[in-house]
Amino acid sequence: MLGNVPNRRFNRIPRPSGLGPWLIAPCLLLLVLFAYKPLVRTFELSFYGSDLFGNATRFVGLEHYSELFTDGAMRQAVLTTILITVLAVTLSVGGALAAILPLRNKLPGAAFFRVIFSLPFAFSAAVASAAFAGLLAPSVGTLNQLLAHLGITGPAWLQSSGWAIASVVAATAWYEFGFAALVVTAAVRSLPGDVMEAAALDGATGWRLNRSVVIPQIAPSIFFLVVTQTISGLQIFAQVQVLTRGGPAGSTSTMVFELYQRAFGTGVPDYGRASALAMTLLALVAVVTVVQFAVRRRIGA
């Protein structure tokens, strides 16, 4: 009889304590103060002109947004940002795949090379850019000195438009390469063993195995890298600030760098135009991310 008596102690349905909202309230407060409130304020300022002290003065409507299409500097900044992002993401993700996939075959020293490939992830963007600045200095830079020993006159990497963009792309791709290498390494190491054994029994080896089995299996990780590094690339700032300061002649100025210059880089802050550029950047990031997810669903990655 006693065995049929329900244990009321363990079958009791817990009552809501009411502490949930109070526990998350501090986090919500910080989110509102440091994320949503500045976002709303930035959106508001984008419709106003400003005085010598940066205070909002007169309502200008969509004037600042229209300047994105008429102001040559702002239009160039948008195009340069997109160009650097596309090239840097392609190099970093493609380079990570090219470097990590061969190490799947238990090559000698594979662990050492994984550590070396992941090392850039340990540096900040500013430190990585400073290293490239020393590497690419016109007269005392390591790269030009090496070329001089080979009888080749090195170019002015950071003083000519084409080479300056290439230098910023190289610094960005190298900096992002470390994180990409870590993600690809984790994805490759998690591949199911039975799938790889079945592919090996079917005679798939080398590039055919990577193309037909490995890459499709790690496609979600590759997509994750493309999305996150695209967002990071669209917000590039440190590399431009350290290496070129937007030069020569504004050829390497990106959206965030142009935003910084208009808001803080001159003696007369122009928060209205800077805010419009910030909101445009937010919209661009959102659109690119939505398009990437749409493409992923379409191809079934």
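Reader: So what does the accessible surface of the protein chain come to?

Author: About 17,900 Å², and carbon and sulfur atoms hold 68% of that. Those areas are from the Shrake-Rupley method with a 1.4 Å probe, and for residues only the protein chains shown count as cover. Keep in mind that this is a predicted model, where local features need pLDDT of at least 70, side-chain atom pairs count only at pLDDT 80 or more, and totals for chains, interfaces and linings use all residues. Residues are numbered from 1 along each chain as its sequence is written, and side-chain values use heavy atoms, leaving out hydrogens and water.

Reader: How many helices and strands does the chain have?

Author: 14 helices and 2 strands. These are DSSP runs numbered from the N terminus: H or I of at least four residues for helices, E of at least two for strands.

Reader: And what share of the residues is buried?

Author: 37% of the 301 residues. Buried is under 20% relative accessible area, exposed is over 50%, and partly exposed is in between (1.4 Å probe, protein chains only).

Reader: Switching to the backbone, where's the cis peptide bond?

Author: From Gly247 to Pro248, with omega near -5°. Pro248 sits in the loop between helix 12 (238-243) and helix 13 (255-265).

Reader: What about Arg245, what's its phi?

Author: Positive, about 50°, although Arg245 is not a glycine. Arg245 lies in the loop between helix 12 and helix 13.

Reader: Is Arg245 buried or exposed?

Author: Exposed, because its relative accessibility is 59%.
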